[in-house]
Each structure stands twice: as C-alpha cells, then as structure tokens.
Amino acid sequence: MTLSAAAEAKTLTAVMHSDLRVTDPIITTAYITRNHGYMIFDTLLALDEAFKVRPQMADWKVSDDRLTYTFTLRDGLKWHDGKPVTAEDCVASLKRWAARDGMGQKLMDMTASLTASDERTITLKLKEPYGLVLESIAKPSSIVPFMMPRRIAETPPDKAIGEQIGSGPFRFVQAEFQPGVKAVYEKNKDYVPRAEKASWAAGGKVVKVDRVEWITMPDAQTAVNALMSGEIDFIEQPPIDLLPILAASKEVKVHNTNALGYQTMGRMNFLHPPFDNPKIRRAALLALNQKDVLDALIGNPQYYRICGAMFVCGTPLETEVGAETLVRKTGMEEAKKLLAEAGYDGTPIVLMQPTDVGTLKAQPIVASQLLRAAGFKVDMQAMDWQTLVTRRASQKPPKEGGWNMFFTNWVGADVFNPLVNVSLNGRGRGAWFGWPDDPKLEAFRDAYSRAGSLDEQKTIARDLQAYAYEQAIYIPLGQYIVPSAWRTELTGVLDGPAPYFWNIDKAD
C-alpha cells in the first residue's frame with residue numbers, strides 16, 4: 001500500500017496492553033503475541049461464546065470407534081503469499097504447536113498417527129478413545145494451534161519463525177513494523193470468511209476496515225487522553241482508576257469483553273536454588289496473600305475477586321482446597337518457620353519486574369515486600385515486559401541471566417481445567433517456564449483426560465489442586481477484570497478471551 005493509499009484507508013488505531021516484539025505465537029504464551037497470531041493466522045477449529053467447538057478452516061468426522069478423526073479443509077484457503085493451504089501444512093503446524101503446548105502434548109500422547117491423506121484431508125488416529133481431541137485443536141488462547149505454511153511450521157519449536165505468513169483475515173505489514181512504536185496490519189482481500197455469524201474466534205471473520213495499527217503508548221494517561229480526543233479508537237486495558245473518566249464520556253464505550261476475567265499468579269523456577277527446594281517454594285507461597293496483591297493491582301473491589309480456585313471461581317471445577325492462607329492472609333508466621341526449617345542460606349531471589357504493563361507492575365512490588373518480611377533476600381530487577389518474556393525462557397542460573405520468580409496473568413479460558421492450565425504441566429524442561437519435573441502431577445492430568453464424568457473430573461481436579469498447592473507449583477493470586485474502551489464510532493466489537501479485530505466497523 002502506498003503512503004497516499006494508507007492515508008485514505010479506513011484505519012482502526014489501537015493501544016494494546018503491551019508492545020509487540022516476539023511475533024511467533026508458538027514459542028511464547030505472551031498475550032500480545034497471541035493477539036498478533038489471531039490477526040494473521042487462522043485455526044482449523046474454534047470455540048464460540050457457548051464453549052462449543054465449531055469448524056473454522058476445516059470440518060471434521062469421527063469414526064464409530066472414536067479412534068479416527070478426519071478433518072477436511074474448506075475451499076478458498078490461501079496463504080498470504082498466494083499459495084494454497086494444504087493438509088501437509090496443517091499437519092506440520094499441529095505438530096509444532098503440540099511440542100510446545102501442554103494440551104497439545106497430551107493430545108500427542110494419545111495419538112498413534114497424524115498424517116495428510118491428500119491435499120485437503122488431515123487424518124488423526126488415536127491409540128485409545130480420547131474425548132478432548134476437538135477441544136484441544138479449538139483451544140482459544142495461549143498457546144493457540146495456529147496454522148502456518150509447512151516451510152515455516154517445520155521451524156524447530158524452540159526457535160522463532162522467520163516469516164509472518166498466515167492465511168488469516170489480516171496481513172502483517174513487515175515494512176511498517178517498528179517494535180516499541182507500532183505494528184500494522186492490512187485487510188487480507190483474498191480471505192474468504194465463513195458464512196456463520198462471528199462468535200468468539202469462531203464464525204465469519206469479516207474484516208470491515210482497511211488497516212489496523214497498534215500504537216505503543218506506555219503512559220496510560222496519554223492513551224486515555226488520546227482516546228477521549230479521538231486520536232485513537234481503542235484501548236485494550238485502560239487503568240482501573242481512570243475508568244470512571246472514560247465511562248462518563250458519551251463518545252466512549254467501556255465494556256468487559258472477557259467474561260471469565262483474568263487470574264494473576266506467581267511462578268518460581270524449579271531448576272535452581274532456592275526454589276528447587278519444595279519447602280522453600282512452600283514458604284514463599286505462605287508469605288503471599290491475594291488481598292494485598294489485588295488491592296495494589298486493581299484497588300477497586302468491584303473489579304477483583306479473592307479466589308483460591310486454580311481452575312477459576314464460577315466454573316464447575318471451583319474449589320479452594322489448599323488455598324486457605326492465600327485467601328485469608330494467615331500464612332506469614334508459618335512461612336518464617338518453614339523457611340528456617342528448610343535451611344534457607346540467604347540465596348537472593350531474582351524477581352523480574354515488568355515496568356511497562358499496568359496489570360503486571362504491582363505484583364512484584366507487593367511480593368518482594370512480603371517475601372522480605374518472611375526472611376527472603378530479594379533482588380528485584382526492573383525491565384520491560386517483552387524483555388521479561390524473552391528472559392523467562394532462559395534455563396540458565398540466575399547469575400548467568402536466568403531468574404527465580406516472575407508474575408503473569410492468564411485469561412480464565414487458559415486455566416479452567418488441568419489440561420489447558422500450562423502452569424500445571426509437570427514435564428520438566430519440556431514444561432512451561434519454571435519447568436517442574438513432577439510425574440505425580442502428570443498422573444493427575446492423565447487421569448483427568450480419561451475421566452468419564454463431571455463428578456470424576458471434579459474429584460481429580462480437587463486432588464490435583466491440593467497437591468499443587470502443597471508443592472507450590474504456582475501461586476494463584478486472585479481474579480480480576482479489565483474492561484476495554486473504544487470510541488462509539490466503532491461497532492461490532494466481539495467478546496472473547498482475546499481481542500479480535502474482524503467484525504469491527506468504523507463510522508466515517
């Protein structure tokens with residue numbers, strides 16, 4: 001697109017929750033990278049707002065014995081370079097995704113073979129019946145099984161892809177990409193949307209603007225002023241304390257698009273001292289509490305909920321077993337005692353603190369104060385979120401550029417059962433950042449994957465949660481919501497666990 005054409009294009013300008021730097025949505029669970037993935041890549045299946053699996057790039061059939069799943073690609077699918085999407089592309093994409101994602105890993109454990117039967121047919125054969133095949137491939141959030149051309153999908157799963165070529169509703173404008181400044185997407189005019197109504201990531205992805213520009217504005221007040229004045233159209237996560245100003249404006253709409261909200265949490269590194277010691281991990285968990293974190297992070301109780309359920313309050317798997325000290329602020333004295341019993345030698349905790357994302361700034365500050373009160377030495381190191389996202393992948397000792405602890409947030413759709421919750425993956429160095437090597441954790445997840453009823457799932461989830469708290473696998477620190485805000489000139493903004501930019505129109 002020429003400069004003059006770009007100036008005349010219908011452009012939607014958004015300020016996202018973070019700057020975009022990592023552009024491979026398979027090597028990281030960072031939400032800004034997931035959001036980028038939804039712009040340019042597509043998925044075989046998708047979940048709608050009723051949590052029902054829907055066809056997206058492909059329809060499917062299941063054999064009578066429930067051992068063979070056949071996926072047939074729909075007509076009109078092209079990569080952004082003009083080449084047709086093939087079954088071989090999708091097989092390679094599924095395999096790369098499954099190497100990184102906890103739910104994908106479990107699916108591959110159950111898979112006997114995954115092949116391209118012809119140009120448009122993908123055949124997945126199971127070792128035994130497994131009821132979560134479709135739910136795995138329709139996974140709506142990090143890590144999403146996005147489809148890529150085979151040459152890209154064959155990139156080793158621990159190495160970033162070198163091209164941004166998808167088949168999705170937008171094209172990435174590489175020439176205009178300025179990390180720290182902006183990322184630009186243009187409408188993919190060759191994209192053929194499905195005929196169904198858009199719902200979450202399912203249905204027709206009809207693009208109604210010519211361009212979407214993600215503009216970096218680290219200062220929240222600047223972003224809010226820009227929205228109020230009409231300089232930008234959309235803010236993904238405005239600060240809670242400024243929401244009343246936005247809500248009072250007749251030119252701005254404030255709405256929570258993510259009904260399940262977020263779970264904020266802390267993660268420790270199991271590979272290196274001191275958190276290779278389960279007693280010291282447990283002492284850290286006991287030192288923290290949800291109210292202090294949520295008061296600093298959100299402030300207004302209208303937007304947060306103290307909740308010890310690893311699988312989210314308000315879901316069928318909700319239970320607070322094991323979370324008593326976190327939700328009642330009663331663990332500090334026990335933390336001091338346990339830390340002394342564990343023989344903690346004063347090894348400093350390298351705690352990474354992001355400084356540029358409003359919903360991630362407070363947790364490290366509160367945690368460092370509580371951990372010090374319990375007797376830990378804390379080395380809190382400030383950095384931007386994208387630096388943290390890169391650094392947390394390092395398995396080196398903290399003295400060599402590694403880390404001991406960080407905090408992040410998950411949308412509810414990413415944690416609401418034991419398989420989708422990557423923090424509960426116990427596969428050691430093949431697990432999510434922190435890398436717990438815990439066969440018992442994996443046994444719980446295996447049992448859950450084979451459970452034949454909701455009651456059985458509830459029992460397994462409860463036992464798993466009790467064990468995970470005992471071992472301090474991770475530290476849930478409560479739930480919260482952050483509404484988005486946009487100019488009233490925008491219509492068609494969709495709900496979902498991620499922000500979607502198709503279906504949105506902008507009045508002239």
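Start by selecting Phe 275 in this predicted model, where the residue has a relative accessibility of 0% and therefore counts as buried, since the cut-off for that word is under 20%.

With both side chains shown, look at how the two rings sit towards each other. A pair of aromatic rings is described by the distance of the centres and the angle of the planes. The centres of the Phe 275 and Phe 376 rings are 6.2 Å apart and their planes stand at 55 degrees, so this pair is tilted. If you colour the chain by position, you can follow how the pair links distant parts, 101 residues apart: Phe 275 belongs to the loop between strand 13 (262–268) and helix 9 (278–287), while Phe 376 belongs to the loop between helix 13 (362–374) and strand 16 (378–383).

The structure holds 24 aromatic pairs, and another one to select is Tyr 185 with Trp 214, whose ring centres lie 4.9 Å apart with planes at 55 degrees, so that this pair is tilted too. Because Tyr 185 is part of strand 9 (residues 182–187) and Trp 214 is part of strand 10 (residues 211–215), the pair ties together parts that are 29 residues apart in sequence. Both Tyr 185 and Trp 214 are buried.

Next, select Tyr 31, Trp 403, Phe 406, Trp 410, Trp 432, Phe 433 and Trp 435 together, which ring pairs link into a cluster. For a ring with a charged neighbour, go to Trp 502, where Lys 205 lies over the face of the ring at 4.5 Å from its centre.

Now move to helix 15, which runs over residues 439–450 and reaches 17 Å from its first C-alpha to its last, close to the 16 Å expected. At the N-terminal end of helix 15 you will find Asp 438 as a cap, with a side-chain oxygen 3.1 Å from the backbone nitrogen of Lys 440. Which residues of helix 15 are buried? They are Leu 441, Glu 442, Phe 444, Arg 445, Tyr 448 and Ser 449, and because they cover an arc of only 155 degrees around the axis, they fall on the same side of helix 15. Helix 4 (102–109) and helix 16 (454–471) are among the elements that cover them.

Finish at helix 4, which is mostly covered, with six of its eight residues buried. Its buried residues pack against helix 3 (87–100), strand 6 (111–118), strand 7 (121–126), helix 5 (133–137) and helix 15. Asp 101 caps the N-terminal end of helix 4, with a side-chain oxygen 3.0 Å from the backbone nitrogen of Met 103.

Definitions and conventions:
Residues are numbered from 1 along each chain as its sequence is written. This is a predicted model: local features need pLDDT of at least 70, side-chain atom pairs count only at pLDDT 80 or more; totals for chains, interfaces and linings use all residues. Side-chain values use heavy atoms; hydrogens and water are left out. Rings of Phe, Tyr and Trp (its six-membered ring) pair if their centres lie within 6.5 Å; planes under 30 degrees apart count as stacked, over 60 as edge-to-face and the rest as tilted. Helices (H or I, at least four residues) and strands (E, at least two) are DSSP runs, numbered from the N terminus. Buried means under 20% relative accessible area, exposed over 50%, partly exposed in between (1.4 Å probe, protein chains only). A charge sits over a ring if NZ of Lys or CZ of Arg is within 6 Å of the ring centre and within 35 degrees of the ring normal. The expected span of a helix is 1.5 Å times one less than its number of residues. The arc is that of the directions from the helix axis to the C-beta atoms. Contact means heavy atoms within 4.5 Å. A polar contact is a pair of N or O atoms within 3.5 Å; within protein, one must be able to donate a hydrogen and the other to accept it, and residues adjacent in sequence count only if both atoms are side-chain atoms.
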